[in-house]
Every structure is written in C-alpha cells, then in structure tokens.
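Let's take a walk through this model together. Have the sequence and the 3D view ready, and follow along from the overall layout down to single residues.

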Amino acid sequence: MPRSSARSTRTSPTRSLAPARAVKGKGAGLSTKQLIGLVLGAIVFIAPFLIDVPDLDPLGERMLSIFLLAIVLWVTEAIPLVATAVLVIALEVLLVSDQALLAVPEDAAKYSSFLGALANPVIILFLGGFLIADGAEKYHLDKNLAAVLIRPFTGSARRTVLGLMIITALLSMFMSNTATTATMFAVVIPVLGALPAGRPRAGLALSIPVAANVGGIGTPVGTPPNAIALGALAEQGYHISFGSWMVMAIPLMLVILFGAWLLIAVMFIPAGLGIELEMKANWHTDRKAVTFYVIAACTILLWMTEALHGMSANVVGFLAVVALLVTKVMGGEDLGKLSWPVLWLVAGGIALGDGVGKTGLDAWILGLFDWNSMPAVVVIIVMGVLGLAMSNVISHSAASNLLIPLAMGLATGIDGLDPVTIAVILALACSLGMSLPISTPPNAIAYATGEVMTADMAKVGIIVGVVGTALLVLVMPTVWSALGLL
C-alpha cells in the first residue's frame, strides 16, 4: 500500500475530517416512490394489451408494453436496475420472440437473439475491462500510479487539485467511475485533512467525482453508456474501434476536465493556498504482480492500436481475461467479485434496443413527432439535452438504455443525421449528468464525506453538464467530420 502524508503550508497540522453524514438504513418495506412505480408499471404494461394502439401491429404493442414498463421501473427504481434489465430480456423472449407464449407471428425474432445480449461482444469487452480494473486494485497498481503521478503537482493547492483530477480521469478511462472514486478518496484523505475546513475541502472533494464522470467518456470501457452505444451501433452494422472512440471523446474530455478544474479552483480554492505532499509508492514485484502489469499494458496497447493490427477490441478484452486466468494472476474468486449487475444492465439495454428495432416500435414512436420538420442539428441538440436532463435524475445507464435505441431509429429516417453521431452524443451526454448526489455513485461517495453541500454539487454539476453538452452537440460533430471519423 502506498504511504502518504500531507501538510498545508497555511494551516496547522492535519486536522480531523468532518464526520460523514449519516446514511439512513433502508428497511424491508418499499418507499412511496417504489410503490408508485410498481403500480404505474403494472398499468402501463397492461394498457397496450387492452387498448388497440393505432398503426401498431400486435407484436409492436407487446414491445410497447415492455418498453413502457422498463421506463417506469428504471425511473422509479421500484426494483433494482439490473432486475429490470433481466426482466426486459425475459419478457421479450416470452412475448415477442419465436418462443412467445401468445400467438407467434411469422416475422418474430428468434429467442436466441434476445438471450444473446447477455454474451454480446460489447459485454465481453467490458468483462475484460472490469477484470483488469479489479486486478489494478488487487495489486495496488491504482494507488501506486496515483502516488507517482501526483508528485509534479505538489506545492500549490490548486495545482494539486488539477493533478488529482487528471489522475482520476486517467484511471476512470479504464476502471469503473465508482471504483476510481473510491480509490482516489483513499488517496486524498491526507490531502483533505491538510486543507482548511470549508470551501477548500469541498472543492477537493467535488473534484474527484467530476473528474471520474468526465474521464469515463474517454474509452469504450470507461462507463456503461459507452458500451450501450457501441452495442446499438453494432446491431445496425456500424463498428467503432477502440482508438476511434478515444479520438472522438478525449479532446472533449480534456476541454471539459480543464474547464471543470478552473471552475472549482475559482469557486473553492483560494489563490496562494499551498500544500505539500509526500506520497510513496510500494510496488509489488512478485511473479503475479509483474505478470499482471505486462498483461494489462499489452491489453491497453492493443486496444489503442486496433486500427493497426485489425483485431477487434472485443477479442482483445476476452484474450485478456484468458491470459489473467491461465497465468493464475486472477482466479475464480476474482471473477465472482466483478460488477456483474452492471454487465447485465448493459445487456438489458442492448436487448431493449434490439426488441424496439425488430418489432417496428422505434418507427411508430418516432412517427408520433414531426421529426422531419426539424433540421438534423436541432434533433442532435434535443437528444443531447434529453440525455443530460434524464441522467441527472436516473442512472446514466438507465438514461442511455432508454434513449439510444430510439435515437438509432431516428437516425435512419432523417436526412443528414448520422447514426454514429447521435449514438456517441447520447452516450457522452448521459455521462455529464452529475448535479445531484443521486445522479451517479461517485457523487454519492463525495457527498458521504460530509464535506460537500448539495447546493455546491448542483452548481458545479449544472455548469459542467450544460457547457459540456453545448460543446458536445454544437462543436464535436463538426470536429469528427473534419477528422474523417463520420
């Protein structure tokens, strides 16, 4: 474990951190919101079976039932998000596949296409990313890297916050946002203690979740919305390499990250506030650790150079899993600790999009609005705003699960609207929703430190989200076109 100490040049020796806010334990009963969700979910699920929906065939009506139920359950969280995801897959098999319990139309999709979402190549890619991320934690690579990378940023409190944000974003590109945030807070506890209580500590505590959320957009394995977008594009025959995604996302990530640092520095960190850090890395040098370092480095290198060697990032991710298990660097117990709920949540989103497309529900929903009267740029703006707004109040994964399938159908019917553009924009916009403690797990972790007020989190989250989304929808499509990525 890296050893660290921190000393402020303007304050007395390390002061104790403010006590974390108490978190209310959840009882066995359901909350009012969950009860409403269950009742409303049952109503919207049954309604299309009882009411003839104009211009929608029976298969589409069944899919509409599933889609409306998913919306209600994901928004209200009446049951766990992953439970809704697997329920979607089960209902698609039982209602709209060739194994449906009701009358089966000749054009019904094979049931295996819905079950196949659980082993979609994008899921395999994420499986490799998760195992490498867990290995980084197991062999303390994450904390050691943080200890090494923070050294150039010591002295000034503002510079230290910038360094911590860069490190957090870098780790979040390959680890889950939640794991990255938890790791970084373990690293920065001494730094928090060395800062004056109040605004400086709040600024530092806020900088970690902001950087984790922004950093996650940088790679396909950084956050579930990216995987959902890739899965939806793959279903339509569009392939984006690992390196191409990075070229599309990292410039925006860097701009937003630097802008967020400036905002936090001005709002929370006084100019001239100094802080000195002494953090030492303790690298593991045993066979398993060294083997892990090599496998992780080779995997990331192969991911980033997919265009050169032609091997799919999904295959590389699977080979990484094989290598880690065969060399006994990681074992069955490590597989058991992976974030399987996240993987199945992504699979549910892929299956939902598949069902919406195969039953014609996407065309029916889009036909409710006169989208063709809108220029493509207006549609992109509307979708970006929807992604940002929804991801502030429901999980990023749920928001992208609901919006990306619809957007893909929209892209095929409007001239000038590229499917890759709309899918990537929605994925990135959903990752920028971070204005509330409930918006994303990294926010909740920061809030639990007791250093961050909801009002401050909302101010920073809204400014970063709105400005970032504006850049995303108004500037990035032009940049991507100029680079020949569309």
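The centres of domain 1 and domain 2, taken over C-alpha atoms, are 36 Å apart. Domain 1 covers residues 32-118 and domain 2 covers 121-340; these bounds come from an automatic or database domain assignment. Keep in mind that this is a predicted model, in which local features need pLDDT of at least 70, side-chain atom pairs count only at pLDDT 80 or more, and totals for chains, interfaces and linings use all residues. Residues are numbered from 1 along each chain as its sequence is written, and side-chain values use heavy atoms, with hydrogens and water left out.

Now find helix α7, residues 157-172. Helices here are DSSP runs (H or I, at least four residues), and strands are too (E, at least two), numbered from the N terminus. The 16 residues of α7 reach 22 Å from first C-alpha to last, close to the 22 Å expected at 1.5 Å a residue (that is, 1.5 Å times one less than the number of residues). Because 12 of its 16 residues are buried, α7 is largely enclosed by the rest of the structure. Buried means under 20% relative accessible area, exposed over 50%, and partly exposed in between, with a 1.4 Å probe and protein chains only. Among the buried residues of α7 are Val-161, Leu-164 and Leu-171.

At least two lining residues of the second largest pocket come from each of α5 (121-138), α6 (141-149), α7 and α12 (287-304). Of its 15 lining residues, Leu-141, Leu-145, Leu-171, Phe-174 and Ile-300 lie nearest the centre. The lining has 14 nonpolar, no polar and 1 charged residues; Ala, Val, Leu, Ile, Met, Phe, Trp, Tyr, Cys and Pro count as nonpolar, Asp, Glu, Lys and Arg as charged, and the others, Gly among them, as polar. A pocket is an open set of points on a 1 Å grid over the protein atoms alone, where a 1.4 Å probe fits, with protein on both sides within 12 Å along at least five of seven lines; lining residues have an atom within 4 Å of a point.

Two loops deserve a look. His-140, in the loop between α5 and α6, has a positive phi of about 60 degrees although it is not a glycine, and at 16% relative accessibility His-140 counts as buried. Glu-77 sits in the loop between α2 (58-76) and α3 (81-95). Glu-77, also not a glycine, has a positive phi of about 50 degrees, and at 38% relative accessibility Glu-77 counts as partly exposed.
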